Amino acid sequence: MGKVTGFKEFERQDEAYKPVKERVEHYKEFTVPLSEPELTKQGSRCMDCGIPFCHSGCPLGNLIPDFNHMVHQGEWQKASWLLHSTNNFPEFTGRLCPAPCEKSCVLGIIEDPVSIENIEKNIVERAFKEGWIKPQPPKSRTGKTIAIVGSGPAGLAAAQQLNRAGHTVTVFERDDAIGGLLRYGIPNFKMEKEIIDRRVAILEAEGITFKVNVNVGVNYDAKELKAFDAVVLCGGATERRSLPTPGIDADGVVQAMDFLTQQTKVVFGQDIKEQVLATDKHVIVIGGGDTGSDCIGTSNRHGAKSVVNFEIMPKPPGHRSPTTPWPYWPLQLKTSSSHEEGVERNWLINTKEFVTDKNGKLTALKTVNVEWKMVPGERPQLIEIEGTEKTWPCDLALLALGFTGPESTLSDKLGIERDARSNYKAEYGKYQTNIPNIFTAGDMRRGQSLIVWAISEGREAARQVDIYLMGKSNLPSKDVSGDLVAL
C-alpha cells in the first residue's frame, strides 16, 4: 500500500494550529489544513506492512491501508467509498478520535506513525465538498418500525444502518438538537456543529425521523415504545462523577458538562440566564482527561485570570511506557491544543476541601499531594504525603471527573437489567437486553468510552436488530479482531 519507499522518503506532517492569541478570541475550529500534494505524501507513507495492525487497533475495523493507498494514487472518491464502508461518520472520528489506529501502526515502531486520522478527515471533507456524499434511501421498506433513544454517535449509526435495511426509524433526543455529547459535550472549537447538521440533513433525506425535546420516561411515556417492533437504547453514560469532599455544594463548584453545554448554547445564540463564566476568575479544573482539556480551552476563551489543572494520577511518561508496548494503547503524556493555550498542570494531587466565604461562595481549594501504593494482588492505595498541604485561590472549580454509567430512568421504567458496573446489560455479541425486542449500544452498554467505539456499537447492534426482526441481515459486521467478515 502507498509508495513502496514512501515511509523512507516522507516525514509525518500534521495540521498546524492558528496562533494562540488569535484562536482564543473565538469558538471556531482553528486547524490549518495540509495541501493536497502533502496529503498525498502522507498517504504514501503507508508501508505495505503485511499485517496491518491498524485494523485491530480501530474499533470499526476501518480499511486503513486501502484508503491510504487511494489517497496516494489521488483516487479520493474511491477513498471516500472505502472509508464510509466501515464508518458512518468519519467527519466525527477524523476530528475527535484519539486514533488508537495510529498507536498500533507498524510504522510507529521505528518512525512516526502514518497520520491516519488527518487523512480520514480530509477524505470525508473532500467528499462533502465534491458532492459525493448523497442520501441513500432504501429501495423498499420492510414495514418494521424501530425507535432509537439517544442521538449520539451510537444512536445515529444504528439509525442509519437500520434505515438502510429498510426499516422505518424514529430517533428520540431529549435535548433541543441532535448529536448527544457531540453537540453539547464537545466545544465548538474542536468540532463546529454545522458538521453535525449537514450529516443529520443526509439522514433525514434518507427517511429517518428525528424528534427533539423528547425525554423518554420523563415527558414521553416509556410505555409508548411498545408500539415499535424494536427499540435500541443509546442514551450514553451520563451519570456524572462527583467528589465526597467537604464544600462540594459550594457556589462555584460546577460540573464540567454544565459549563461546556452552556457555552455551546450561547455560541448558537441561546440566552442562558446566570451562565457560568470563567471571566476574571481563578479557575481550577479537576480531572486530567479530554473533558478537563475542553474546560481549559473554554476558560481561556472566557478570559480566566488563571487556569490550573489537577490530576490525582501520576504524570505519564513523555514517550511510550514499557508497560504498554506497541501495539497497545500507550500510557503516555498527552498535551492538547487547549493545554498549549495556557494552564498549570499538577499531578498526584487530591482536593481535601472546597473553601467558602460566609455566603457559601467558593474562595479556595485545600489540597494534599499523594502517592499510590501498589501491592500485587491488592487494589492500589492512595497515600497522602504529610506536610504537602496547600491552599489554592479559586473562584470556579470545574469537575471533569468522567461518568459512572447510564442514568436509571429507562432501566427502571422498562425493567432492563443492569450489570455490576451499572451499565445496561445485554447478551454478549447480540446487544439484546433481557427484554427480547429492546437492544442497547454505546456507552449505555459498555460504559464511558470513545466515539469510535460508539459508532461501532451502533453498527453492530443494528445488525442484531435486523436479524431479530427478519431472521437474517445483509448489514456488514466485523469479527473480534476488528476485520470485516463476509456475510
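Thr170 sits in strand S4. (Helices, H or I of at least four residues, and strands, E of at least two, are DSSP runs numbered from the N terminus.) This is a predicted model: local features need pLDDT of at least 70, side-chain atom pairs count only at pLDDT 80 or more, and totals for chains, interfaces and linings use all residues. Residues are numbered from 1 along each chain as its sequence is written, and side-chain values use heavy atoms, with hydrogens and water left out.

**Around Thr170 and Ile148**

- Thr170 is buried, at 11% relative accessibility. (Buried means under 20% relative accessible area, exposed over 50%, partly exposed in between, with a 1.4 Å probe and protein chains only.)
- Beyond its neighbours within four places in sequence, Thr170 contacts Ile146, Ala147, Ile148, Thr209, Lys211 and Phe228. (Contact means heavy atoms within 4.5 Å.)
- Ile148 has its own set of contacts, not counting residues up to four places away in sequence; among them are Gly155, Leu162, Thr170, Phe172, Val232 and Cys234.

**Annotated domains**

- UniProt lists "domain: Dihydroprymidine dehydrogenase" at residues 24–131, in an unreviewed entry. (UniProt positions follow the numbering used here, feature names are shortened, and annotations may be inferred rather than shown by experiment.)
- Residues 24–131 are 55% helix and 2% strand. The end C-alpha atoms of this span are 32 Å apart.
- UniProt, again in an unreviewed entry, places "domain: FAD/NAD(P)-binding" at residues 145–458.
- Residues 145–458 are 24% helix and 24% strand, with end C-alpha atoms 17 Å apart.

- Helix H9 covers residues 116–130. Its 15 residues should span 21 Å at 1.5 Å a residue, and the end C-alpha atoms are 21 Å apart, which agrees. (The expected span is 1.5 Å times one less than the number of residues.)
- H9 is mostly covered, with 11 of its 15 residues buried. Among them are Ile116, Ile119, Ile123, Val124, Ala127 and Phe128.
- Helix H6 (residues 76–84) has Trp76, Ala79, Ser80, Leu82, Leu83 and His84 as its buried residues.
- Those H6 residues pack against helix H3 (36–44), helix H5 (64–73), helix H7 (90–96), H9 and helix H12 (194–205).

**Nonpolar cores**

- The largest nonpolar core holds 62 residues. Phe67 and Ile148 touch the most other members. (A nonpolar core is a set of buried Ala, Val, Leu, Ile, Met, Phe, Trp, Tyr and Cys residues joined through side-chain atoms within 4.5 Å.)
- Helix H18 (residues 451–470) gives the most to this core, with eight residues.
- Apart from this core lies another, of 18 residues, including Ala237, Val254, Val307 and Leu396.

**Aromatic pairs**

- The structure holds eight aromatic pairs. (Rings of Phe, Tyr and Trp, with the six-membered ring of Trp, pair if their centres lie within 6.5 Å; planes under 30 degrees apart are stacked, over 60 edge-to-face, the rest tilted.)
- Phe172 and Phe228 pair edge-to-face, 6.0 Å centre to centre with 85° between the planes.
- Phe172 lies in strand S4 (residues 168–172) and Phe228 in the loop between strand S5 (209–211) and strand S6 (230–233), so the pair ties together parts 56 residues apart in sequence.
- Phe172 is buried at 2% relative accessibility, and Phe228 is buried at 14%.
- Phe310 and Trp392 have ring centres 5.0 Å apart and planes at 70°, so this pair is edge-to-face.
- Phe310 is in strand S10 (residues 306–311) and Trp392 in strand S15 (residues 390–393), 82 residues apart. Both are buried.
- Tyr17, Phe30 and Phe189 form one aromatic cluster.

**Ile349**

- Ile349 is in strand S12 (residues 349–356) and is buried, with a relative accessible area of 6%.
- Setting aside residues up to four places away in sequence, Ile349 touches Phe310 and Trp392, among others including Glu311, Ile312 and Val368.
- The C-alpha atoms of Ile349 and Met47 are separated by 43 Å.

**Cysteines**

- The disulfide count is zero. (A disulfide is a pair of cysteine sulfur atoms within 2.5 Å.)
- For Cys97, the nearest cysteine sulfur is that of Cys101, 6.2 Å away. Cys97 is buried at 12% relative accessibility.
- The sulfur of Cys394 is 12 Å from the closest cysteine sulfur, in Cys295, too far for a bond. Cys394 is buried, with a relative accessible area of 1%.
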